[in-house]
Amino acid sequence: TVLVTLKDGVLGVTLNRPDKLNSFNVDMHLALRAALQRAHDEADIRAVLLTGAGRAFSAGQDLGDRDPRKMTEKPDLGETLETYYNPTLRLIRSLEKPVIAAVNGVAAGAGANIAFACDIVFAAKSAKFIQAFSKIGLIPDAGGSWSLTRALGEPRAKALAMTAEPLIAEKAEDWGLIWKAVEDEKLMEEASGLATRLAGGPTKGLGLTKRLIQAASEHDLSTHLDMERDCQREAGRTDDYAEGVTAFLEKRAPVFKGK
Ligand code: LHQ
């Protein structure tokens, strides 16, 4: 249900249930989580590239096995989130390495919001993002009510969530919700090009950068300046910092090792 490759320090993770538009069943949840855990555990992995097989990125929860007509009791969707979605969201956000999403086609429901949890999101121009939840009486989960609000502010977050209107990739870029909308045939080249470049980067420094930016909106300036001081202290002691400055002084390209 998930294809995993490792090349040039990039863990490629492809959601792979194309006939179901890569909607999430238990197997796909567990496989994605295992891949993300691997990215946490292995030092050789220095970036992650997440995409979908076929014409969709992901259509969110697989609704096929959620038929209320076949259930005797009301479901506990909080349990579903706690067991399956939230661990994945936490793994993406806590991984101190760049996570790049290449949204190759429609991203709906939790599928859209998993993409928005990634650090840098590319989308094919033909891709669209749909907060499908309100169509079935649910709230935006997989971090959506948080990430949409942070990226867009309440007015756009509320309208997207309440209307479930599709947001096309170029508008998502205009609104600052994603990094770039690119021509369909250039998507993988661009996204994997950046993933490879970042995997050859100063991983520790990039990881600390991610930590800082994610913490920023929770801090006042003074608290955050303290955090920058501590993170810069750590970054300044990496081999990559010494290499970066040496390479600059020697007028050559740096060779970063990720530590
Ligand atoms: C699907 C799905 C799908 C199963 C397409 N499931 N088969 C968390 C906690 C617990 C429970 C609930 O949910 C959540 C979080 C969520 O993610 S809730 C939101 C769930 N997702 C949706 O509501 C989206 C449902 N899908 C759609 O609205 C459309 O399929 C989109 C807009 C994604 C794509 O539309 P089309 O391009 O027109 O494709 P299609 O609708 O014809 O779908 C193609 C096939 O994929 C089709 O199967 P079939 O056998 O008829 O070819 C669909 O049934 C299947 N599929 N999404 N989520």
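In which sense do strands E1 and E2 pair, and over how many bridges? E1 (residues 2-7) and E2 pair in the antiparallel sense, over six bridges. Keep in mind that this is a predicted model. Here's the rest of the tour, starting with the whole protein.

**The whole protein**
- You'll find 10 helices and 10 strands in the protein.
- The C-alpha trace spans about 70 × 40 × 35 Å along its principal axes.
- A compact globule of 259 residues would have a radius of gyration near 18 Å, and the protein's 19 Å agrees with that.
- Of the 259 residues, 41% are buried.

**Strand E2 and its neighbours**
- E2 covers residues 10-15, and five of its six residues are buried, so this strand counts as mostly covered.
- To get from E2 to E3, the chain goes through helix H1 (residues 26-41), making a right-handed β-α-β crossover.
- As a rule for reading strands like these, side chains in a regular strand alternate between the two faces of the sheet.

**Around the ligand**
- The ligand is surrounded by 23 residues, and the closest are Ala59, Gly60, Gln61, Gly109 and Ala110.
- Two elements give two or more residues to this shell: helix H2 (77-94) and strand E6 (106-108).
- H2 provides the largest share of the shell, with three residues.
- Sorted by class, the shell has 13 nonpolar, six polar and four charged residues.

**Helix H9**
- How far apart are the end C-alpha atoms of H9? They are 22 Å apart, which agrees with the 22 Å that its 16 residues (221-236) should span at 1.5 Å a residue.
- Is H9 covered or hardly covered? H9 is hardly covered: the count of buried residues among its 16 residues is zero.
- For reading helices in general, an α-helix has 3.6 residues a turn, so residues three or four places apart point the same way.

Definitions and conventions:
Residues are numbered from 1 along each chain as its sequence is written. This is a predicted model: local features need pLDDT of at least 70, side-chain atom pairs count only at pLDDT 80 or more; totals for chains, interfaces and linings use all residues. Helices (H or I, at least four residues) and strands (E, at least two) are DSSP runs, numbered from the N terminus. The expected span of a helix is 1.5 Å times one less than its number of residues. A residue is buried if 20 or more other C-beta atoms lie within 10 Å of its own, exposed if 12 or fewer, and partly exposed in between; C-beta atoms are placed from the backbone. A residue is near a molecule or strand if its C-beta atom, placed from the backbone, lies within 6 Å of it. Ala, Val, Leu, Ile, Met, Phe, Trp, Tyr, Cys and Pro count as nonpolar, Asp, Glu, Lys and Arg as charged, and the others, Gly among them, as polar. Two strands pair if DSSP finds at least two bridges between them. A crossover is right-handed if, with the strands pointing away from the viewer, the path from the first strand over the helix to the second runs clockwise. The radius of gyration is taken over C-alpha atoms; the globule rule is 2.2 Å times the number of residues to the power 0.38.
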